[in-house]
Amino acid sequence: MMDKKLISVANLYKRFNLEAGFFARQGNYVKAVNDVSFFIGRNESYGLVGESGSGKSTTARLLVKMYEADSGEISFHEQDDSINVRLLKGASLKSYREKVKYIFQDPARSLNPRMSIYEILTSGIKWSTAGAHDKKQLRDEAASLLEEVGLSSMDLDRKPSEFSGGQRQRISIARGLMMKPKLLICDEVVSALDVSVQAQILKLLIDLKESRNKAGMDLSFLFIAHNLKVASYFCDRIAVMYKGEIMEEASAKDLWKEHYHPYTSLLFSSAIGNDSIPKPADNTTPAESASVGSTPLSTADSAGCSFASRCPHAMEKCKIEKPEIKFPKDDHYFCCHL
Ligand SMILES: Nc1ncnc2c1ncn2[C@@H]1O[C@H](COP(=O)(O)OP(=O)(O)OP(=O)(O)O)[C@@H](O)[C@H]1O
Ligand code: SF4
Ligand SMILES: [Mg+2]
């Protein structure tokens, strides 16, 4: 168990109304995040994995206050202080968002096509709470970061359209790192890329983390992915999400070797093979299971297990009784009646 937490989340809830306007019916909502609790340690890579609609991005957006949570706690731990993220606003929220950066899936849309790479990398820092920066120093920093992510300092004056998808994702990563954040949220950063490019970007993220850790700088990741195999390669610990709930959480190695929730088995068996991405060290082949799709909406307050309608092992009890949390190990839990 990690003793130094960077961020912790307790009993987080977020619902979205399915209907808008004056005539919207009461109670017609989707439970996007439903009683989610986890923490991310310092220098740890934590994965949120699940099918489309399972609530991964909503959870991440709650962490940076792009959405307001309905209830629950989000605490950011700095030295001896703990910040209540839900209460942040104005300058303190701005300063927090410099420490927790969000990288989006689609760099083509998140990089302004009219700006040069230099402007993209430095636009945030110019307005940062740290105040004014020396121009020459800023350009040197941007150039060295660009080289670190595998591009050239000569690229600073080019526009995003001149780069491939993989290169644009490298630029997004460089932009995320420019403010020296403590936590980088990578929301499906490799999902839209070719398999071979995926492996290169994952390797880059690992190298960036290692180099910062060696230099004594904290850098943690919240890594969001559909593909459990990809997440197992990159992450230290993984939470498997379904219908806004965490179904199973464990170290990546443990989860690969021995997972207990039928949904985890389903995700492993459906993870598209990427032979350029190795397994976590020391593992066995994950169990085979049923077919994969996208998460159905979680709307009504169901009494039983939220996976019951798709589970190949569902019993009568599963439909009426919520499964309790079981701990096969101190740092491994799952929610299932089996
Ligand atoms: N702004 C919003 N308004 C209404 N519903 C939303 C909103 N954002 C998300 N939802 C709904 O909340 C649920 C969870 O969505 P979320 O985007 O968090 O899932 P996800 O796991 O990130 O999926 P994906 O893998 O497709 O990105 C979905 O049913 C989605 O339709
Ligand atoms: S509680 Fe029942 S329905 Fe839910 S995952 Fe376990 S066996 Fe399947
Ligand atoms: Mg998402």
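Which residue stands opposite Glu-245 in β10? Tyr-242 does. The views below come from a predicted model: local features need pLDDT of at least 70, side-chain atom pairs count only at pLDDT 80 or more, and totals for chains, interfaces and linings use all residues. Residues are numbered from 1 along each chain as its sequence is written, while chains are lettered from A and ligands numbered from 1 in the order in which they are written.

**View 1. An open sheet of eight strands.** The order is β6-β7-β8-β3-β9-β10-β12-β11, with mixed pairing. Strands are DSSP runs of E, at least two residues; helices are runs of H or I, at least four residues; both are numbered from the N terminus. Two strands pair if DSSP finds at least two bridges between them. β6 (100–103) and β11 (325–329) are the edge strands, each pairing on one side only. From one strand to the next, the twist averages 20°. β9 and β10 pair in the antiparallel sense over six bridges.

View 2. Seven of the nine residues of α10 (residues 262–270) are buried, so the helix is largely enclosed by the rest of the structure. Buried means that 20 or more other C-beta atoms, placed from the backbone, lie within 10 Å of the residue's own. The buried residues are Pro-262, Tyr-263, Thr-264, Ser-265, Leu-266, Leu-267 and Phe-268. Their cover includes β3 (45–49), α8 (228–234), β9 (237–242), β10 (245–251) and α9 (252–257).

**View 3. The crossing of α4 and α5.** The axes of α4 (residues 117–126) and α5 (residues 135–148) come within 10 Å and cross at roughly 115°. Axes are lines fitted to C-alpha atoms over the stretch in contact, and angles run from 0 to 180 degrees between N-to-C directions. Ile-117, Tyr-118, Leu-121, Thr-122 and Ile-125 in α4 meet Leu-138, Arg-139, Ala-142, Leu-145 and Leu-146 in α5. Contact means C-beta atoms, placed from the backbone, within 7 Å. By class, this contact has eight nonpolar, one polar and one charged residues. Nonpolar covers Ala, Val, Leu, Ile, Met, Phe, Trp, Tyr, Cys and Pro; charged covers Asp, Glu, Lys and Arg; the others, Gly among them, are polar.

**View 4. The shell around ligand 1.** Of the 13 residues around ligand 1, Phe-16, Ala-32, Ser-52, Ser-57 and Thr-58 come nearest. A residue is near if its C-beta atom, placed from the backbone, lies within 6 Å of the molecule. β2 (29–41) and α1 (56–63) are the elements that give two or more residues. α1 gives the most, with three. The shell has four nonpolar, eight polar and one charged residues.

**View 5. The shell around ligand 2.** Of the 14 residues here, Cys-305, Cys-311, Ala-314, Cys-318 and Cys-336 come nearest to ligand 2. This shell divides into 11 nonpolar, three polar and no charged residues.

Technical notes. Buried ≥ 20, exposed ≤ 12 C-beta atoms within 10 Å, placed from the backbone. Contact = placed C-beta atoms within 7 Å.
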